[in-house]
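I opened this entry to log what I look up in the model. I will go from the sheet to the core, then to the charged pairs.

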Amino acid sequence: MSNTHSTSQSQNSQKSQKSENAEQTHDTTRSETEDRRPTLMEVLREARSQLAELTGLVPETVSSFEQTEGGWSLEVEVMELARVPDTMSLMASYQVDLDPEGQLTGYRRVRRYERGRADARRGG
C-alpha cells in the first residue's frame, strides 16, 4: 500500500513538473513573439489590410515606403472610382503612417488622378 502511495506521489510530481515546463515554454514563446519586430512584408500586408478596412477601398499597390523614427510611412495607390475604359478610372494615392509594430496610426489622401495619366514632369 505504501508503494502505491509513493507511485501516486511520483506521478503527481512528474505531472506538476511537466505543467510548469509547458507554462515556461509558452511564456518564452509568447515573449519572443511579442518582442519580434514585423518583417517588411508583414508591415506592407498589414498596412494594405488596415487601409482597406478603414476606407472600404482596395489597395492596388504600394508605390513607396520608408522606415521613419516613429515607424513606417507608405504611399498606397487605390482605385476610387471605376470607369470604362479602365484607363479613365479615378485613382488616388494615400500616405499611410504606421507605428514600429505595423499598426496604422494615420492616413491621408495626397493626390487623385486618372489611371491613364502620367505624372507631370517635375523640375529638379
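In which sense do strand 1 and strand 2 pair, and over how many bridges? I find antiparallel pairing of strand 1 and strand 2 over eight bridges. Two strands count as paired if DSSP finds at least two bridges between them. Helices (H or I, at least four residues) and strands (E, at least two) are DSSP runs, numbered from the N terminus.

Before going on, I note that this is a predicted model: local features need pLDDT of at least 70, side-chain atom pairs count only at pLDDT 80 or more, and totals for chains, interfaces and linings use all residues. Residues are numbered from 1 along each chain as its sequence is written, and side-chain values use heavy atoms, with hydrogens and water left out.

I traced an open sheet of four strands in the order 1-2-3-4, with antiparallel pairing. Strand 1 and strand 4 are the edges; each has a single partner strand, so one side of each has no neighbour in the sheet. On average, neighbouring strands are turned by 20° against each other, direction ignored.

Axes here are lines fitted to C-alpha atoms, for helices over the stretch in contact, and angles run from 0 to 180 degrees between N-to-C directions. Contact means heavy atoms within 4.5 Å.

**Core**

I looked up the largest nonpolar core next and got 14 residues. Such a core is a set of buried Ala, Val, Leu, Ile, Met, Phe, Trp, Tyr and Cys residues joined through side-chain atoms within 4.5 Å. Buried means under 20% relative accessible area, exposed over 50%, partly exposed in between (1.4 Å probe, protein chains only). Helix 2 (40-55), strand 2 (71-81) and strand 3 (90-98) each give two or more residues to this core. Leu-51 is among the residues with the most contacts inside the core. Setting aside neighbours within four places in sequence, I list Gly-56, Val-76, Val-78, Tyr-94, Val-96, Leu-104 and Tyr-107 as contacts of Leu-51.

**Ser-73**

Is Ser-73 buried or exposed? Ser-73 is buried, at a relative accessible area of 15%, and lies in strand 2. A polar contact (N or O atoms within 3.5 Å, one able to donate a hydrogen and the other to accept it; residues adjacent in sequence count only if both atoms are side-chain atoms) of 3.3 Å joins the side chains of Ser-73 and Asp-97.

**Salt bridges**

I count seven salt bridges, each a side-chain nitrogen of Lys or Arg within 4 Å of a carboxyl oxygen of Asp or Glu.

- Arg-115 and Glu-60 form one, with the closest N and O atoms 2.9 Å apart. The pair is 55 residues apart: Arg-115 is in the segment after strand 4 (104-114), Glu-60 in strand 1 (residues 59-68). Arg-115 is partly exposed at 29% relative accessibility, as is Glu-60 at 34%.
- Arg-112 and Glu-80 form another, at 2.8 Å between the closest N and O atoms. Arg-112 is in strand 4 and Glu-80 in strand 2, 32 residues apart.
- Salt bridges that share partners join Glu-60, Asp-86 and Arg-115 into one network.
- Glu-42 and Arg-36 form a salt bridge at 3.3 Å between the closest N and O atoms.
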